[in-house]
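Biologist: Thanks for sitting down with me over this one. Could you walk me through the fold and its helix packing?

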Amino acid sequence: MPNPRVRIYTDYKSPYAFVANKRLFELEETHGVELEWLPYTLRVAEFMGTVEERTPHFWRKVRYAYMDARRYANAQGLVMKGPRRIYDAFYSSVGMLFAQQHSFFRPYHDAVFRRFWSHELEIDDLAAITVVITSCGGSASEFKAYIHGPARAEHDRIIDEAEALGVFGVPTMVFNGELFWGGDRIDMLIERIEKPETIEAALGSRHRKPV
């Protein structure tokens with residue numbers, strides 16, 4: 001039988017996506033899972049509103065979220081510094097796609113997450129992302145051609161497909177048509193992988209198809 005396949009939507013500017021990486025990659029070893037990583041580039045203003053519109057209640061929630069994510073990061077020995085501003089992660093997201101196409105996804109993925117959260121990388125700076133690409137063995141000229149060629153259409157198609165599935169945040173894992181949002185749902189995902197028959201009861205349907 002083929003290995004179980006889990007699709008993961010992630011965004012380099014999400015603290016919770018950053019701290020979920022370790023457990024998700026471990027699934028490859030512990031459960032023989034095939035992971036498919038795709039970008040879901042969060043449009044911060046769309047779901048958080050403009051800075052001027054944000055209330056004290058909102059900022060208390062944001063401060064707690066970063067403190068909470070930092071606890072997970074500290075437990076893994078990761079550095080997590082709060083972002084200095086609002087970022088458009090398009091270049092880093094299509095860099096992920098380019099890295100997959102050229103077989104250096106994991107070093108690129110790890111480097112972008114680690115360097116961004118250490119304040120060593122601006123993920124919306126094309127030149128900076130290109131440096132990461134080349135440090136992983138990629139071609140700067142080919143990456144530039146990708147950026148000015150099919151990258152935007154491919155990126156937007158992936159976002160549209162994700163939202164058609166019901167994705168709204170990261171990390172989101174999709175297994176046999178069922179969505180799991182957040183690192184705190186990885187245990188439930190593992191339960192489904194180990195006992196796929198429980199999916200029918202959870203979904204209340206016999207007509208969901210694998211992703």
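Modeller: Happy to, and please keep in mind that this is a predicted model.

Biologist: Which order do the elements follow from the N terminus on?

Modeller: The protein chain holds 10 helices and 4 strands. Read from the N terminus, their order is β-α-β-α-α-α-α-α-α-α-β-β-α-α.

Biologist: What share of the residues in the protein chain is buried?

Modeller: Buried here means under 20% relative accessible area. The chain has 211 residues, and the buried part of them is 44%.

Biologist: How are α4 and α6 oriented to each other?

Modeller: Helix α4 covers residues 90–101, and its axis lies 10 Å from that of α6, at an angle of about 25 degrees. Angles under 35 degrees count as roughly parallel. The two helices, α4 and α6, are therefore roughly parallel.

Biologist: Which residues of α6 make the contact with α4?

Modeller: On the α4 side, the contact uses Tyr91, Ser92, Gly95 and Phe98. Counting both helices, the contact residues are 5 nonpolar, 2 polar and no charged. The α6 side consists of Leu126, Ile129 and Ile133.

Biologist: And how are α6 and α7 oriented to each other?

Modeller: Their axes, for residues 126–135 and 140–147, come within 9 Å and cross at roughly 135 degrees. An angle over 145 would count as roughly antiparallel, and 65 to 115 as roughly perpendicular. The pair α6 and α7 is therefore oblique.

Biologist: Which residues in α7 meet α6?

Modeller: From α6 come Leu126, Ile129, Thr130, Ile133 and Thr134. The contact residues of the two helices divide into 6 nonpolar, 2 polar and no charged. Their partners in α7 are Ala140, Phe143 and Ile147.

Biologist: Now the backbone: which residues does a cis peptide bond join?

Modeller: Look in the loop between α8 (151–165) and β3 (172–175), where Pro171 lies. Omega is about -10 degrees for the bond, which joins Val170 and Pro171.

Biologist: Is His119 buried, exposed or partly exposed?

Modeller: His119 sits in the loop between α5 (105–117) and α6, and has a positive phi of about 65 degrees although it is not a glycine. Its relative accessibility is 26%, so His119 counts as partly exposed.

Biologist: Where does Asn176 lie?

Modeller: Asn176 also has a positive phi, near 50 degrees, in a residue other than glycine. Its relative accessible area is 25%, so Asn176 is partly exposed. You will find Asn176 in the loop between β3 and β4.

Definitions and conventions:
Residues numbered from 1 in each chain as written. Predicted model: local features only at pLDDT ≥ 70, side-chain atom pairs only at ≥ 80, totals over all residues. Heavy atoms only, no water. Axes fitted to C-alpha atoms, helices over the stretch in contact; angles between N-to-C directions. Contact = heavy atoms within 4.5 Å. Nonpolar A, V, L, I, M, F, W, Y, C, P; charged D, E, K, R; others polar. Buried < 20%, exposed > 50% of the residue type's maximum accessible area, 1.4 Å probe, protein only.
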